[in-house]
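Welcome! Please take a moment to look over the sequence and the 3D structure before reading on.

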Amino acid sequence: MSRRILHLDMDAFFAAVELLRRPELEGKPVVVGGRGDPTRRGVVSTADYEARKYGIHSAMPLRTAYRLCPHAVFLPVDYAAYREVSERIKAILREVSPAMQDVGIDEAYLDITEVPGSAEEIGRRIKRRIREGTGLTASVGIAPNKFLAKIASDLDKPDGLTILTMDDVPRRIWPLPVRTLWGVGPKTEARLDEMGIRTIGELAARPVEGLVAAFGEAHGRHMHETAHGHDERPVTTEREPKSVSRETTFQEDVDDKRVLARVLRDLVERVGGDLRRKGVKAKTVGVKLRYADFTTLGRQTTLDHATDDPQEILDSVYACMRRIPLERRVRLIGVRCAGLVPAEQEAHEEGLLM
Ligand code: TTP
Ligand code: MG
């Protein structure tokens, strides 16, 4: 029997929670990030849909956001408040089905295969319960697997409910850019672009052999499967991760330090986003490096406080890199953050220090 997976993602989550307690800001551009002071260092955690009209988005420096929209309201991040709302949302989901996978502060998968009722009924019911329980809107996608459900929840944001079946894959999934696929980062995207493949549909049209030749057995086959809408990953109910990491394998081994520096910056951006989305900060930052001959080594450094600040993480990454000999070509490079603590706990400690 085919599965029925629901993916839920709250709309402009941090900003939406802020608007609940500051209803007078409704309809104004609101940016949440750092200490809420655009003259100080920090990045945008999120912006409400009004502020997004000015081009403001997550991970952008607060200064840039200020330049794009000086009359926006800038608010500091209050993780404790968001986590409290997040826990209520997760509890509502668990009541519908115990098979819930927590993937972020405002996001979860729910296996609703066994839940009685049509997909539409279940989707509406969950959205209504969340609105009643929190005052917030969520976007929901329901599909036969996690990949399609996740895309579906994003297709009609905000306040969306999108149900996809395998028959919808050509019309709804194939026009999307390849970057949307799980496992396609900037490097793979560039390589696909060289091959004349920009949309998921163009990828799906290629014989799997060609993709395997270009990207290797596992990656090539995986891309082929997902481009056709297949994804067997189960909804797992595991606990919070102990670390967050991102890595890149180069298409061709690299010995240019500038290339490594650029890729590290990109990986740090993404790890930073992962941390902030999960509402955690890291005390330990590490680099993993694999040479062309497959010898692998790692270096890590522990800070005296936890951080999710990309610049601070990058500084630590560069400090690790200085302890890694670079006389050989590099095949893979990765950034890992561990020693995770809830962001509000760290903020609390920081408050005590000041
Ligand atoms: P998202 O679900 O990616 O964004 P969102 O909920 O603000 O907006 P959307 O309606 O598009 O879903 O992330 C959830 C929260 O995680 C977001 O409110 C703030 C936080 N976050 C960061 O702090 N930094 C980031 O880079 C991202 C992507 C999110
Ligand atoms: Mg969201």
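## Charge and overall form

How many positive and negative side chains does the chain have, and how far apart do the centres of the two sets lie? The chain has 56 positive and 55 negative side chains. The centres of these two sets lie 3 Å apart. Keep in mind as you read that this is a predicted model.

The chain's secondary structure comes to 14 helices and 12 strands. With 354 residues, a compact globule would have a radius of gyration near 20 Å, and the chain agrees with this because its own value is 21 Å. Along the principal axes, the C-alpha atoms fill a box of roughly 60 × 60 × 35 Å.

Of the 354 residues in the chain, 47% are buried. The chain exposes about 17300 Å², and carbon and sulfur atoms supply 51% of that area.

Contacts tell us how the chain comes together. Taking those between residues at least 6 apart in sequence, 66% join residues that are at least 24 apart.

## Helices α10 and α11

Let us now visit two helices. In α10, the buried residues are Val-208, Leu-211, Val-212, Ala-214 and Phe-215. Their cover includes α8, α9 and α11, along with strand β9 (243–254). After α10 comes Gly-216, which has a positive phi, near 90°.

Helix α11 spans residues 217–227. Its residues Gly-220, Met-223, His-224, Thr-226 and Ala-227 are buried. The cover over the buried residues of α11 includes α6 (146–155), α7 (169–173), α8 (186–194), α9 (200–204) and α10 (208–215). Just after α11, Gly-229 takes a positive phi of about 85°.

## Ser-316 in helix α13

Is Ser-316 buried or exposed? With a relative accessibility of 6%, Ser-316 counts as buried, because the cut-off for buried is under 20%. Ser-316 can be found in helix α13, which covers residues 310–321.

The side chain of Ser-316 reaches the backbone oxygen of Glu-312 at 3.1 Å. Setting aside neighbours within four places in sequence, Ser-316 is in contact with Val-285, Thr-301 and Leu-303.

## His-305 in strand β11

His-305 belongs to strand β11, made up of residues 296–307. This histidine has a relative accessible area of 24%, so His-305 is partly exposed.

Which side chain does the side chain of His-305 meet in a polar contact? The partner is the side chain of Asp-304, at 2.6 Å. His-305 and Thr-284 are 21 residues apart along the chain, and their C-alpha atoms are separated by 9.1 Å.

## Leu-68 in helix α3

Our last stop is Leu-68, placed in helix α3 (residues 62–68). Leu-68 has a relative accessible area of 38%, which means that this leucine is partly exposed.

Which residues is Leu-68 in contact with, leaving aside its neighbours within four places in sequence? They are Tyr-54, Gly-55, Ile-56 and Met-60. Leu-68 and Lys-53 are 15 residues apart along the chain, with their C-alpha atoms separated by 9.9 Å.

Notes
Residues numbered from 1 in each chain as written. Chains lettered and ligands numbered in written order. Predicted model: local features only at pLDDT ≥ 70, side-chain atom pairs only at ≥ 80, totals over all residues. Heavy atoms only, no water. Helix = DSSP H or I, 4+ residues; strand = E, 2+ residues; numbered from the N terminus. Rg over C-alpha atoms; globule rule 2.2 N^0.38 Å. Buried < 20%, exposed > 50% of the residue type's maximum accessible area, 1.4 Å probe, protein only. Contact = heavy atoms within 4.5 Å. Areas by Shrake-Rupley, 256 points an atom, 1.4 Å probe, with all protein chains shown as cover. Lys, Arg positive; Asp, Glu negative; His and termini not counted. Charge placed at Lys NZ, Arg CZ, Asp CG, Glu CD. Polar contact = N/O pair within 3.5 Å; in protein donor to acceptor, adjacent residues only side chain to side chain.
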